[in-house]
Amino acid sequence: MAFAAFSSTAAPPTDAPPRRRSKVALLLLLPGILYLVLFFLAPLVSLILTSLQAPTEFGDIGMYSYAFRWENYVAVVEQYWPHILRSFGYAIVATVLALAFSYPLAYFIGVTARKWPLLQSLMLVLVIAPFFISFLLRTLAWKQILSDESFLVTSLKAVSLLAPDAHLTGTAFSVIFGLTYNFIPFMTLPLYTTLERLDLRYLEAGNDLYASGFHTFRTVTIPLSMPGIVAGTLLTFIPAAGDYINASRDFLGGADTQMIGNVIEANFLVLLNYPAAAALSIILMTVILVIVGVYVKRSGTEELL
Amino acid sequence: MRRLSLGTWLLPVYSALALIFLMIPIVYTFVFSFNDSLKSNITWRGFTLDKWLNVCAVQNGAVCEAFGNSLIIGVVATVIATTLGTMIAIALVRYRFRFRAGTSLLLFLPMATPEVVLGAGLAAQFLSLGVPKDMLTIILAHTMFCISFVVVTVKARVAGLDPALEEAGRDLYGSPAQVFARITFPLLLPGILAAALLSFALSFDDFIITNFNSGAVTTFPKYIYISASRGIPAEANVIASMVFILALVIVVTAQVSAGARAKRQARQG
């Protein structure tokens, strides 16, 4: 016991970097930081400025001048609130589904398969394999598989599991399905990382204390894998909320599944309404940052309890 | 010793089914690369090797041109992002400096920002500065979102580096440059290579940010997006399948060699 306590307080040597040669540190940091300031921070500032622009008087379509037109925000919320709500709704459902799908899989790879390292690495390669095939092509593959003429849909209709005039593509179902599928690896990998380090003796302790399997799972396994759950849900939720491939009409979406990403793209690249696209981007980013902040804080305190 | 009773047979069966489910679109894409299709590649019309043998023949080589653009962009963005990111990672682990929290936040934010916001932001900046969108703007954009991922990957490697090895080099009168070139860099190399691969993969498959900053230049994902409404030629499936096989070979090789290294270390104690 004393030994365990000692070893846990001994900090690794890299925890407190020595203060030396800060000039070298500056030289190492400066190019990269400057790059991010120029091509990440500055664009965010110009996005805010663009979102407040007003159309140039007597100008062509797509001509805007700097102004302080905060009404742009009111206008886009009034026009696009269904898209905004839909984006976060779809993203939340897809994140929950991906978590439900990934947790048992990650548990099997990280805990059950520990005895067989080869199986473990093989399964991990299969989990990340979807990353190696083009994102757009794998989404299109699902579109073909779920299309009206496909084997799947015709058989579902033959056994009356699907109404004769029903479609799978172009619906909320197919968009959420695509979002879930495409971001599953982002969920499974962090879950695997924490479950792989799960100390099985805690589970045995739960068993020894006559806790049921479910009770041990709920009170021991889940809290211990919380870092993986938080990381996985964020890595899934953020790209899902901003995605516009799955919801695009040429992919898995339809006219009434358009998400905020689709309207940002349409406003920026097709309608040349840059202020609207910028205002929507700022709204998307703000909401995501708020959700992430609240979520990290809440899950952090829950972890302590 | 009983653990979760659920784990006895239900869990392995579920996991196998889950992995099969994940493979479905990959197998589909691969199978349809052999389809004797005409313009669009939707219904199965028979097996052919033609598309594999003449990848660049379709549409005057539009697929291959897009693929080539993606390669160039991926390589250049990866080289820049890996260099800048590795420097930051070393500084973050090895040095204490002011604005450390700010630096970490600046590195975290691009990863927490949806791609559509990154893409629209850069496009808005290029627009207001009057910069024409071409290959260069795509490279600038890709480098930006790759840096943070490089830092995260390399940082873990720097943190795991035993400072005693570098001290030994300095004790033996190695100049800082010698110590870096002969000790630090070779030890960091696996991490740097992993970061470069990740960075290239992110750049190669990126569509959203590219779409906002590419102007008339077509990358491989953008080609697929544009052709999606009128049908994707099977040649696109061929290229995607080739990339898939190459990536698989690289990852499996890395896994096997890492496994062999771990075994060797375990034997040496």
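Tutor: The confidence score used below, pLDDT, is the predictor's own confidence in each residue and runs from 0 to 100. The structure is a predicted model, and its overall scores are ipTM 0.88 and pTM 0.88.

In chain A the mean pLDDT is 86, with 91% of the residues at 70 or more. Among the elements of this chain, the lowest mean, 29, belongs to helix α1 (residues 2-9) of chain A, and the highest, 95, to helix α3 (residues 71-110) of chain A. The stretch formed by residues 1-15 of chain A has pLDDT below 50 and makes 3 contacts in the model beyond near neighbours in sequence. Residues 301-305 of chain A also stay under 50, and for them the model has 2 contacts beyond four places in sequence. For chain B the average is 88, and 97% of the residues score at least 70. Among the elements of chain B, helix α11 (residues 234-268) of chain B has the lowest mean pLDDT, 84, while helix α9 (residues 208-213) of chain B has the highest, 95.

The two chains meet through 74 residues of chain A and 76 residues of chain B. On the side of chain A that touches chain B, the greatest contribution comes from helix α2 (residues 22-51) of chain A, which supplies 18 residues. Sorted by class, that side of chain A comprises 56 nonpolar, 14 polar and 4 charged residues.

Of its 269 residues, 42% are buried. Taking the contacts in chain B between residues at least 6 apart in sequence, 78% join residues at least 24 apart.

Helix α3 (residues 62-94) of chain B packs against helix α6 (residues 135-159) of chain B at an angle of about 40 degrees, and their axes are 6 Å apart. Angles under 35 degrees count as roughly parallel, and 65 to 115 degrees as roughly perpendicular; α3(B) and α6(B) are therefore oblique to each other. Their crossing is right-handed. The contact of α3(B) with α6(B) involves 21 nonpolar, 7 polar and 2 charged residues.

Within helix α6 of chain B lies Val152(B). This residue counts as partly exposed because it has 16 C-beta neighbours inside 10 Å, whereas 20 or more would be required for a buried residue and 12 or fewer for an exposed one.

Tyr173(B), which is not a glycine, has a positive phi of about 65 degrees. Tyr173(B) is placed in the loop between α7 (163-171) and α8 (176-205) of chain B. It counts as exposed, since 7 C-beta neighbours lie inside 10 Å.

Chain A provides a counterpart for each of these features. Ser160(A) is a residue other than glycine with a positive phi, near 60 degrees, and it sits in the loop between α6 (151-158) and α7 of chain A. With 8 other C-beta atoms within 10 Å, Ser160(A) is exposed.

As for helix packing in chain A, helix α5 (residues 135-146) of chain A and helix α7 (residues 172-196) of chain A pack at about 140 degrees, with 11 Å between their axes. That angle makes α5(A) oblique to α7(A), because only angles over 145 degrees count as roughly antiparallel. This crossing is right-handed. From α5(A), the residues Phe135(A), Thr139(A), Trp142(A) and Leu146(A) meet Ser174(A), Gly178(A), Tyr181(A) and Asn182(A) of α7(A). By class, this contact has 4 nonpolar, 4 polar and no charged residues.

Key
Residues are numbered from 1 along each chain as its sequence is written. Chains are lettered from A and ligands numbered from 1 in the order in which they are written. This is a predicted model: local features need pLDDT of at least 70, side-chain atom pairs count only at pLDDT 80 or more; totals for chains, interfaces and linings use all residues. Two residues are in contact if their C-beta atoms, placed from the backbone, lie within 7 Å. Helices (H or I, at least four residues) and strands (E, at least two) are DSSP runs, numbered from the N terminus. Ala, Val, Leu, Ile, Met, Phe, Trp, Tyr, Cys and Pro count as nonpolar, Asp, Glu, Lys and Arg as charged, and the others, Gly among them, as polar. Axes are lines fitted to C-alpha atoms, for helices over the stretch in contact, and angles run from 0 to 180 degrees between N-to-C directions. A crossing is left-handed if the near helix is turned anticlockwise from the far one by less than a right angle, and right-handed if clockwise.
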